[in-house]
Amino acid sequence: MNKMKLRSFVTIAMLSSISFILMFLNFPLPYFPVFLEIDFSDVPALIAAITMGPVAGILVEFIKNILNWLFMGAPTGVPVGHMANFATGILFIMPVYYVYKRTNSVKGLIFGLIAGTFTMSIGMSILNYVAFLPMYTYFLGMGTFDVKETIVLGILPFNIIKGILLMVLVLMLFRTMRNWIENQRAQYLLQKQ
């Protein structure tokens, strides 16, 4: 029992480290606001969620954002971008986990990824309207801008594109890692019984 707990901690730490490194490999998309950048750091968190459960995925998202904030800082002094990244990751990985848990198939994974993309896109549009854009405006002293236009023309399509890119990458990885993922998942399910 203690051996599996240690293994879980080590796996979460390893996936958090990979996720943290992947945050550095970010890139902007043309025609979108400069603060929106694509990175694939949600993939290790998704692997953690699928193999070890939702808490593991949330921990990977949390640890990678804390590490990135400690190493890179935040332009506002307050980690608004890191909070947004954390929320984005949670909104993406949770639907994938729950749909895949029920179906346990490639088709289920695809439906989960579509649900995750939808949830992330709509959820982040709402959260940006209610919290993140007002926080950026307040802390950075940005002038007035049309929040609804920024969300409809920037944040919503950006998250849809990000979700599609994540979907493609996860499906490519899943094809090569399926046996390992299923093996890990079976071991962690046995541990819970």
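Helix 2 and helix 6 each give at least two residues to the lining of the largest cavity. Helices here are DSSP runs of H or I with at least four residues, strands are runs of E with at least two, and both are numbered from the N terminus. A cavity is a set of points, on a 1 Å grid over the protein atoms alone, where a 1.4 Å probe fits but cannot get out; lining residues have an atom within 4 Å of a point. Helix 6 supplies the largest share of this lining, five residues. The lining consists of V43, L46, I47, I50, V170, L173, F174, M177 and I181. By class that makes nine nonpolar, no polar and no charged residues. Nonpolar covers Ala, Val, Leu, Ile, Met, Phe, Trp, Tyr, Cys and Pro; charged covers Asp, Glu, Lys and Arg; the others, Gly among them, are polar. The largest cavity holds about 70 Å³ of space. A volume is the space filled by probe spheres set on the points, with grid points joined across faces, edges and corners. The count is one cavity of 30 Å³ or more.

This is a predicted model, in which local features need pLDDT of at least 70 and side-chain atom pairs count only at pLDDT 80 or more, while totals for chains, interfaces and linings use all residues. Residues are numbered from 1 along each chain as its sequence is written, and side-chain values use heavy atoms, leaving out hydrogens and water.

Now the overall fold. The protein has six helices and two strands. Along the sequence they follow the pattern α-β-β-α-α-α-α-α. The radius of gyration is 17 Å, close to the 16 Å that the globule rule gives for 193 residues, so the protein is as compact as a globular protein of that length. That radius is taken over C-alpha atoms, and the rule is 2.2 Å times the number of residues to the power 0.38. The C-alpha atoms fill a box of roughly 55 × 35 × 25 Å along the principal axes. Of contacts (heavy atoms within 4.5 Å) between residues at least 6 apart in sequence, 72% join residues at least 24 apart.

Next, the interior. Buried residues make up 44% of the 193; buried means under 20% relative accessible area, exposed over 50%, and partly exposed in between, with a 1.4 Å probe and protein chains only. A nonpolar core is a set of buried Ala, Val, Leu, Ile, Met, Phe, Trp, Tyr and Cys residues joined through side-chain atoms within 4.5 Å. The largest has 35 residues, of which L46, I50, M52, F92, I93, L109 and L113 touch the most other members. Helix 1, helix 2 (42-52), helix 3, helix 4, helix 5 and helix 6 each give two or more residues to this core. Helix 4 gives the most, ten. Leaving aside residues up to four places away in sequence, L109 touches I50, V96, Y100, T103, V170, L171 and F174.

E61 sits in helix 3. E61 counts as buried because its relative accessibility is 0%. Beyond residues up to four places away, E61 touches D42, A45, N85, F86, G89, I90 and I93.

A pocket is an open set with protein on both sides within 12 Å along at least five of seven lines. Its lining has 29 residues; F35, E37, G81, N85 and Y136 are the closest to its centre. Helix 4 gives the largest share, six residues. The lining divides into 17 nonpolar, nine polar and three charged residues.
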